[in-house]
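Reader: Please take me through a close look at a single part of this model, going residue by residue and giving the cut-off behind each term as it comes up.

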Amino acid sequence: MAMSELGGASWELSISSRREGANEILVEVRDSGHGLSARTMERIFDPFFTTKPDGMGMGLSISRSIVVAHGGRLWATANEPRGAVFQFALPAGESDTHPT
């Protein structure tokens, strides 16, 4: 895991979700790790691209394919002052259960 490479530095990982408008659910994963360089940001979702010595570079590419196949979007941005933010949005569907 990339955040385990921070050594003694303190770090945070947060996951949140919210409704965006009437038709979309947004999920956000935010960390305070090393972050992503501009070069890495350009290629982060390319198949076989990895920043890890033992990485295969398939996880984010597959994740994006799954999200897109379900009508959504997946992207990454920088977290300030350090770290990365990964977000994905999916269409909000009707619930099978209705409150009584």
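Author: Ser-37 counts as partly exposed because its relative accessibility is 40%, where buried means under 20% relative accessible area, exposed over 50% and partly exposed in between, with a 1.4 Å probe and protein chains only. This is a predicted model, in which local features need pLDDT of at least 70 and side-chain atom pairs count only at pLDDT 80 or more, while totals for chains, interfaces and linings use all residues. Residues are numbered from 1 along each chain as its sequence is written, and side-chain values use heavy atoms, with hydrogens and water left out.

Ser-37 belongs to the loop between β2 (24-31) and α1 (38-43); helices (H or I, at least four residues) and strands (E, at least two) are DSSP runs, numbered from the N terminus. From Ser-37 to Ala-84 the C-alpha distance is 9.9 Å, although 47 residues separate the two in sequence.

The hairpin leaves 5 residues between β3 and β4, and Gly-83 in the turn has a positive phi of about 110 degrees.

Within the loop between β3 and β4 lies Pro-81, and the peptide bond that joins Glu-80 and Pro-81 is cis, with omega about 10 degrees. Asn-79 is in the loop between β3 and β4 as well, and it counts as buried because its relative accessibility is 10%. Leaving aside residues up to four places away in sequence, Asn-79 touches Arg-30, Asp-31, Ser-32, Ala-84 and Val-85, contact meaning heavy atoms within 4.5 Å. With Asp-31 there is also a polar contact, in which a polar atom of the Asn-79 side chain lies 2.7 Å from the backbone oxygen of Asp-31; such a contact is a pair of N or O atoms within 3.5 Å, one of which, within protein, must be able to donate a hydrogen and the other to accept it, and residues adjacent in sequence count only if both atoms are side-chain atoms.

Another loop residue, Phe-48, is placed between α1 and α2 (59-69). Its phi is positive, about 70 degrees, although Phe-48 is not a glycine, and Phe-48 counts as exposed because its relative accessibility is 62%.

Methods:
Two strands pair if DSSP finds at least two bridges between them.
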